[in-house]
Amino acid sequence: MKDSICKDFQQTVAEYLIRHQSILDILSKTQETNARVNRSVTKAVTQCGCVDINGKKSPLTEDASFESMKSLLSSQLTGELCEHCKGVIEQEIGKNLFYLAGLCNALGLSFEEVLDKEHRKVKTLRMFNLT
């Protein structure tokens, strides 16, 4: 039976994560790569301009239904990532996933199980999983 992409990825990370074996190194690299994801999205807005952010207060009321919330809320993004920005952001997210898999390895966790548990939780809790 073929391994899942998550399991295969985690095994590959275990094989090639050489320089950052310390849990402290892994934690700091996870934080650094997350910051790089944020920075690459920011650059797509501020330097490239392929996407815009229109941040404003969400028009929600206390009695809003779940269905109406979905239609009232948005990502506050307009536009579409250009190929360059898309490639950079995908690369940065990939590095972040690499170190998250490394963190799972260091802690003896299964990357796939963590993802599967979160997926099942979101599906089970559905609208009650609002975070």
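## Helix H1: length

The expected span of a helix is 1.5 Å times one less than its number of residues. In this predicted model, helix H1 has 12 residues. From its first C-alpha to its last, H1 reaches 16 Å, close to the 16 Å expected at 1.5 Å a residue.

Cys6, Gln10 and Val13 are the buried residues of H1. They lie on the same side of H1, because the arc they cover around the axis is only 60°. An α-helix has 3.6 residues a turn, so residues three or four places apart point the same way.

On the face of H1 turned away from its buried side are the exposed residues Ile5, Glu15 and Tyr16.

## Packing of H1 against H5

Helix H1 covers residues 5–16 and helix H5 covers residues 111–125. The two pack with their axes 8 Å apart, at an angle of about 140°. H1 is therefore oblique to H5, because only angles over 145 degrees count as roughly antiparallel.

From H1, the contact is made by Cys6, Lys7, Phe9 and Gln10. From H5, Phe111, Glu112 and Leu115 take part. By class, this contact of H1 with H5 has four nonpolar residues, one polar residue and two charged residues. Two of the H1 residues in this contact, Cys6 and Gln10, are also among the buried residues of H1.

## Leu77 in strand E2

Leu77 is found in strand E2, which spans residues 77–79. Its relative accessibility is 44%, so Leu77 counts as partly exposed.

Leaving aside neighbours within four places in sequence, Leu77 is in contact with Val51, Asp52 and Ile53. Asn54 is 23 residues from Leu77 along the chain, yet the C-alpha atoms of Leu77 and Asn54 are separated by 6.3 Å.

## The chain as a whole

The protein chain has five helices and two strands. Along the sequence, these elements follow the pattern α-α-β-α-β-α-α.

Of the 131 residues in the protein chain, 21% are buried. Among contacts between residues at least 6 apart in sequence, 74% join residues at least 24 apart.

Methods
Residues are numbered from 1 along each chain as its sequence is written. This is a predicted model: local features need pLDDT of at least 70, side-chain atom pairs count only at pLDDT 80 or more; totals for chains, interfaces and linings use all residues. Side-chain values use heavy atoms; hydrogens and water are left out. Axes are lines fitted to C-alpha atoms, for helices over the stretch in contact, and angles run from 0 to 180 degrees between N-to-C directions. Helices (H or I, at least four residues) and strands (E, at least two) are DSSP runs, numbered from the N terminus. Angles under 35 degrees count as roughly parallel, over 145 as roughly antiparallel, 65 to 115 as roughly perpendicular and the rest as oblique. Contact means heavy atoms within 4.5 Å. Ala, Val, Leu, Ile, Met, Phe, Trp, Tyr, Cys and Pro count as nonpolar, Asp, Glu, Lys and Arg as charged, and the others, Gly among them, as polar. Buried means under 20% relative accessible area, exposed over 50%, partly exposed in between (1.4 Å probe, protein chains only). The arc is that of the directions from the helix axis to the C-beta atoms.
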